[in-house]
Amino acid sequence: MVGQRVGYRRVSSVDQKADRQLDGIQVDKIFTDKASGKDVDRPELQKALDYVREGDTLVVHSMDRLARNLDDLRRIVRDLTDRGVRVEFVKDAHVFTGEDNPMSNLMLSLLGAVAEFERALIRERQREGIALAKAAGKYRGGQPKLTPAQASELAGRKRAGESVAALAREYGVSRQTVYRYVAEAESD
């Protein structure tokens, strides 16, 4: 019996579109994250990993979409193939089954290392850009999302029992920002 073909797509930001990644590739179910590949703490990745079963194939556009860290990439592929799940990288034209030969393992390590190197270059360019902007007086770091009065009001409403999600939507901030403002108010 042939299992399902389960797709996984990832883009780094909410502005990017993941549609092209598995365009024209037949999959039975698809999971899409809009998050950095710096680690495996991505909700849709975790759902995809939990969803696949023995005999299934996890289909990913390329290795760097699955992970930008070589250790994470190798661990994910090994864990899946140990469970009887095939891992297919469309762009790289590689399929891993757990019965892979030394050349396949070399390619996984080599291409995974390239993805990790690209991430390091991105971070380095970002740091350089921030340093230049600071030197030119154009960068002052993250600015507070709410005024002190708004932050106090938000913390009070949370203590009164309003939901974090509703407050986040109303104030136009993330849930994590709500939690941070509440924690700051409690420490004052």
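This is a predicted model: local features need pLDDT of at least 70, side-chain atom pairs count only at pLDDT 80 or more; totals for chains, interfaces and linings use all residues.
If you want to find the lining in the structure, look for R74, V77, R78, T81, F96, G98, D100, N105, L108 and S109.

Which helices supply at least two residues each to that lining? They are α3, which runs over 70-82, and α4, which runs over 102-135. Of these, α3 gives the largest share of the lining, with four residues.

For α3 and α4 the angle is about 140 degrees, and the axes lie 8 Å apart. This makes α3 oblique to α4, because an angle has to be over 145 degrees to count as roughly antiparallel. The crossing of the two helices is right-handed.

On the α3 side the contact is made by L70, D71, L73, R74 and V77, which meet L108, S109, G112, A113 and E116 of α4. By class, this contact has five nonpolar, two polar and three charged residues. Please note that R74, V77, L108 and S109 take part in the contact between the helices and also line the largest pocket.

Let me turn to the second largest pocket, which holds about 160 Å³ of space. What classes of residue make up its lining? There are six charged residues and five polar ones, together with one nonpolar residue. The residues in question are R10, V11, S12, Q16, K17, R20, Q21, H61, S62, D64, R65 and K91. Here a strand and a helix, β1 (5-11) and α2 (63-66), each supply at least two residues of the lining.

From α5 the contact takes A151, L154, A155, K158 and R159, and from α7 it takes V178, Y181, V182 and A185. The residues of this contact divide into seven nonpolar, no polar and two charged.

How values were computed. Residues are numbered from 1 along each chain as its sequence is written. Side-chain values use heavy atoms; hydrogens and water are left out. On a 1 Å grid over the protein atoms alone, a cavity is a set of points where a 1.4 Å probe fits but cannot get out, and a pocket is an open set with protein on both sides within 12 Å along at least five of seven lines; lining residues have an atom within 4 Å of a point. Grid points are joined across faces, edges and corners, and a volume is the space filled by probe spheres set on the points. Ala, Val, Leu, Ile, Met, Phe, Trp, Tyr, Cys and Pro count as nonpolar, Asp, Glu, Lys and Arg as charged, and the others, Gly among them, as polar. Axes are lines fitted to C-alpha atoms, for helices over the stretch in contact, and angles run from 0 to 180 degrees between N-to-C directions. Angles under 35 degrees count as roughly parallel, over 145 as roughly antiparallel, 65 to 115 as roughly perpendicular and the rest as oblique. A crossing is left-handed if the near helix is turned anticlockwise from the far one by less than a right angle, and right-handed if clockwise. Contact means heavy atoms within 4.5 Å.
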